[in-house]
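Trainee: Could you walk me through a piece of this one, strand by strand?

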Amino acid sequence: MLPVAAPAEPAAPPGAAPQGRAAGLHLPVQACALLTAVLLLLMTVRLPWAGDLGMHAAVLERLRADPLHPGNPLVDAATPSPYYSPWAVLLALTGSATGWGTFTVLRLGALAGLVLLGTGVHAFVRTFTRSRAAVPLAVLCLLLLYGVRLFAWSGVPGLTSMSLTLAYPSTFALGLAFHLWALLRRALAADRGTAAFLGAGLLLAAILLVHQFTGAVAALGCAAMLLGARPWPARAVRLRVAAAGALAAAVPACWPYYAFYSLLGTGSGLDDIHRPLYDHLATKFCLTALGAAALVLRARRDRRDPLVIFFVLGLAVFAAGGLSGHQAWGRILPAVLVPAQLALALETVDGGRRARAVLVPLTAVALLAGAWTQAGVLGYVLRPQAVPPVLRHIHTVALWPRFTWAAREVHAGQTVMTDNYYALRMLPAYGPYTVAPAYPDVFLPDAARRRAETRRFFARDTSRAERLGILKEYRVRWVLQQNGGPGLDRGDPAVRRTVRGPAGFTLSEVAP
């Protein structure tokens, strides 16, 4: 059967409300969406630091120092890293060409990621409806519709998550994913030629290389768009899809900075750090249940609705990860949340009269509850005195202490011995190495030994000779420790000088 041509932007589903009925929602939701957009723009300037920002800055530092052979981003070792993605290489080259600092380049990357995500949501939502209220409401649902317990994780487009991860590759990759799904839906609806599908394949390959977890979400979304296509794709279209899939699989294999397919099967080493994804699900995502109800309404009209299929596929993978103990599979979570959030936005503006009568007030309440839960992000861009008193005690993710005082002393490429949680994750952002990597690293064969040696160095029963041996083995130039903690004494002959820092920290330079 030959496919029936369809418009590039499908009209609202049968029985949907005309645009005029949703006109009353347009101005308020657009104003709210604009305010959140301004808030996120301020985040690109502020770059709140409470997570993996140091890792991504360290990646740029290594690429700027040696674009072809950057080595490990955290420790002094000549190993590859999955963080050396096309996006990171582009940002590093931009910094080298312009002379801008690493954090200036990260701000530029955050702005690009924010714009790409916003335009991607717009493009994807417009393939479902022409309602003017749908896009800003979809933005609000994606940012606020979670739960009453604070939740933040890279790759999840919540307001708190986005505030902390705008400069991360996951934000850029998620924006690409929305554009990919929109491109695929339009290509299927308009029976476009091979070039459009090959473009989609290249886009999926780029997402897989930029952020592997978001790549899995993007691939699942592509499967949902294909399974939900109306009419069912003809043989010629399926061949184009197969060609696109082959291209998406082949391009990552050619990426020179790391062996992409060697990452398969390494998820067990990441399970421990992903266990929190399965904790407190009811309180973290209770508001999303309203989106699940919207999916039920869509499924009653069309069992092959792409958002319904997307949600079911994502939920199946997420549940399988929890039941099998592969908690790293929990990173598929956006494939559960995004279709539910978008379904609620679409049903609220385009659903039947009775459905809208119920959904409009419930959605407003849910978004207000979500906004209240995440209102603490205002403290990331406002002085404490400027935050309204009623919001000052709302729980939020606390920002990390700064180690710029230590970075001023340690030169790029020098190695620091420290066991401090924050220092391990922040110092490499300025160019130095640490002995132990702060994050799991599947390409670093001696990662466990490095961590064990770091623990041994700071153990109270370790002899001076053992400590000096460890410093020599890893070519350590500096030791960062807290006053009174085990390590080298300030009067030790091996210590050339000591710099005092805040919170009782001392930075001791080891004599060559």
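Trainee: In β5, which residue is the bridge partner of T498?
Mentor: The partner of T498 in β5 is S508, where strands (E, at least two residues) and helices (H or I, at least four) are DSSP runs numbered from the N terminus. Bear in mind that this is a predicted model, in which local features need pLDDT of at least 70, side-chain atom pairs count only at pLDDT 80 or more, and totals for chains, interfaces and linings use all residues. Residues are numbered from 1 along each chain as its sequence is written, and side-chain values use heavy atoms, with hydrogens and water left out.

Trainee: How many bridges join β4 to β5?
Mentor: There are 5, and the two strands run antiparallel; strands count as paired if DSSP finds at least two bridges between them. β4 and β5 form a hairpin with 4 residues between them, and A503 in that turn has a positive phi of about 60°.

Trainee: And what about β3 and β5?
Mentor: β3 (residues 476–482) also pairs with β5 in the antiparallel sense, over 5 bridges, with L480 standing opposite L507.

Trainee: Is β5 buried or exposed?
Mentor: 6 of its 6 residues are buried, meaning under 20% relative accessible area, with exposed over 50% and partly exposed in between (1.4 Å probe, protein chains only). F505, L507 and E509 lie on one side, and T506, S508 and V510 on the other.

Trainee: Switching topic, which residues of α19 are buried?
Mentor: In α19 (residues 447–457), they are A447, R450, E453, T454 and F457. These fall within an arc of 125° seen down the axis, so they line one face of the helix; the arc is that of the directions from the helix axis to the C-beta atoms. On the other side, A448 and R455 are exposed.
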